[in-house]
Amino acid sequence: MTAQDRHASLLLAYPVRLRRRHGAELIATMLEMAGPDGRPTRTDRWRLVLDGLRERFRLPPRRPLAVVAAVLALLVGGALGAAAGSWAGMWTFAEVPAPGPMADRVLGADSVPDSLTQSRFWSGSDRLLKPGVDATAAADSARARMVADGWTATPVVVSGGGADGRYRRASFQAGNGRVGVRVDSYYSEDHQIDLGGWSLRPPAYLPLVFAGLLLGLLGGWLAATALAYRIAGSFRRRASAGVAAAGLALLALPAASVYVFLVETVPDRSGLGAVEFVHRALGNSPAYTLNWWQTLGPSWLTAPYANKVLLLAGLAAVAGAAIIGRAGRATREPADPQAA
Amino acid sequence: MQEPTFLILAALAAQPLHGYGIILSVTALSEGEVRLRPGTLYGALDRLADEGLIVVDREEAVGGRLRRYYRLSDSGAAALATQAERLRLHAAAAETQLRRRQDAGRPGLAGGAA
């Protein structure tokens, strides 16, 4: 193994472009600078690596549009990273217990089943109070059973209902740190009593979202610098730059959507029964926000899954720009002495 | 044009040099003020080659190591001359200003040195 080979791994810090064109020279120069014995110090090797990493962040000089595109790519990368972090964080949420057995245990003595709904993070059991059972008494005993099982519960509060008493209900909320539950026991004619459960946000969720955001910002910038150099050195520069710009434009809306969801999701509303995830922005339209009364943008934007379509089209366009940009690079190698 | 770029072009103006030769020449030209490292040098050489300001002159293998010599292209020489002239004009302007300052600071004249 030559000295050159021994240090080849240090070149991994460099962009492919520099590694391919100047890899052997970088090592040779470091060895020459090390003096007659040709043994670079640890500091020399670290500097070589750090300079390589710094090169990865550099944009081609005198290309203002590349700077604009890189800033946009940075933001798009951050949004995709936050969505990925949110998706990973979703798996730290506790699954909601099956509504049937839970309602049987908590409300079983006073009511009969009516309907059930269940998803991973939400569940609901609608039941009917047995004849002669008072709504508040049913809520009180449900609360007592939950407290006996180790849940923390708010007091039962009777609220709502107009002069005729419709929708008047006795309610409480309970939680065990991982799952929240709400019981509403109605005084209406059908004597309904509902138990709804939902996952509470675990402490790991937001750190994962923000870690994803930071990694995404980093990845977005690095992808932009790599693509900018590829485009700058390509014979099909205009075509490649045009497709890349179109891709970024398509990605802007889904990315903005993720940021809207991020801002709306940071305050934890899971204690109030709202389980929301940042990455759900990508499964909606750019006009959708978690504040259901609010719609952003024109109506054509409200098509469901619009963000997924825009995201896939945008990523495909950026990949296409990278493929188009490959043309002509090899002939621009300064490594070829004949070309000089 | 940044200072290291200017000095690299100046180093290559007299003769073709390989990487380590450029580093030594830049250190000498800047009287030890600018010390390039391999990583910073080849990033700069790559950009200068892309801009057509330098070209590869020849390659040699010395003791099993690659030595690639670079030289200034005609456009590189023109860019270096333009920048050198610019710096010369700026230096001359600065010297003129300093002379005026000295003149204004002579004893007995109003205003004094600012």
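Which residue stands opposite B:Ala61 in strand 2 of chain B? The residue is B:Leu66.

The model is predicted, so local features need pLDDT of at least 70 and side-chain atom pairs count only at pLDDT 80 or more, while totals for chains, interfaces and linings use all residues. Residues are numbered from 1 along each chain as its sequence is written, and chains are lettered from A and ligands numbered from 1 in the order in which they are written.

**Confidence**

The complex has an ipTM of 0.83 and a pTM of 0.79 from the predictor. For chain B the mean pLDDT is 89, with 92% of its residues at 70 or more; pLDDT is the predictor's confidence in each residue, from 0 to 100. Where pLDDT is low, the predicted coordinates should not be read in detail.

**Strand pairing**

Helices (H or I, at least four residues) and strands (E, at least two) are DSSP runs, numbered from the N terminus. Two strands pair if DSSP finds at least two bridges between them.

| Chain | Strands | Bridges |
|---|---|---|
| B | strand 1 (residues 54-62) and strand 2 (residues 65-72) | eight |
| A | strand 1 (residues 111-118) and strand 2 (residues 122-129) | seven |
| A | strand 2 and strand 7 (residues 192-199) | seven |

In chain B, the hairpin of strand 1 and strand 2 has two residues between the strands, and B:Gly63 takes a positive phi near 60° there. In chain A, strand 1 is joined to strand 2 by a hairpin through three residues. A:Ser111 has A:Leu129 in strand 2 as its bridge partner. A:Gly124 is bridged to A:Gly196 in strand 7 of chain A.

**Chain A**

Chain A contains nine helices and seven strands. Of its 340 residues, 40% are buried (20 or more other C-beta atoms within 10 Å of the residue's own, with C-beta atoms placed from the backbone; 12 or fewer is exposed, and in between is partly exposed). Contacts are pairs of residues whose C-beta atoms, placed from the backbone, lie within 7 Å. Among the contacts in chain A with a separation of 6 or more, 65% are between residues 24 or more positions apart.

A:Val156 lies in the loop between strand 3 (152-153) and strand 4 (157-159) of chain A. A:Val156 is buried because 20 other C-beta atoms lie within 10 Å. Leaving aside residues up to four places away in sequence, A:Val156 touches A:Thr136, A:Ala139, A:Asp140, A:Arg143, A:Ala170, A:Ser171 and A:Phe172. The C-alpha atoms of A:Val156 and A:Pro131, 25 residues apart along the chain, are separated by 21 Å.

**Helix packing in chain B**

Helix 1 (residues 3-14) and helix 3 (residues 38-50) of chain B have axes that come within 11 Å and cross at roughly 75°. Axes are lines fitted to C-alpha atoms, for helices over the stretch in contact, and angles run from 0 to 180 degrees between N-to-C directions. The two helices of chain B are therefore roughly perpendicular (65 to 115 degrees; under 35 is roughly parallel, over 145 roughly antiparallel and the rest oblique). B:Pro4, B:Thr5 and B:Ile8 of helix 1 meet B:Thr40, B:Ala44 and B:Leu48 of helix 3. These contact residues comprise four nonpolar, two polar and no charged. Ala, Val, Leu, Ile, Met, Phe, Trp, Tyr, Cys and Pro count as nonpolar, Asp, Glu, Lys and Arg as charged, and the others, Gly among them, as polar.

**Interface**

The contact involves 22 residues of chain B and 25 residues of chain A. On the chain B side, helix 2 (19-29), helix 3, strand 1 and strand 2 each supply at least two residues. Helix 3 of chain B gives the most, with nine residues. The side of chain B that touches chain A has eight nonpolar, five polar and nine charged residues.

How values were computed: Two residues are in contact if their C-beta atoms, placed from the backbone, lie within 7 Å.
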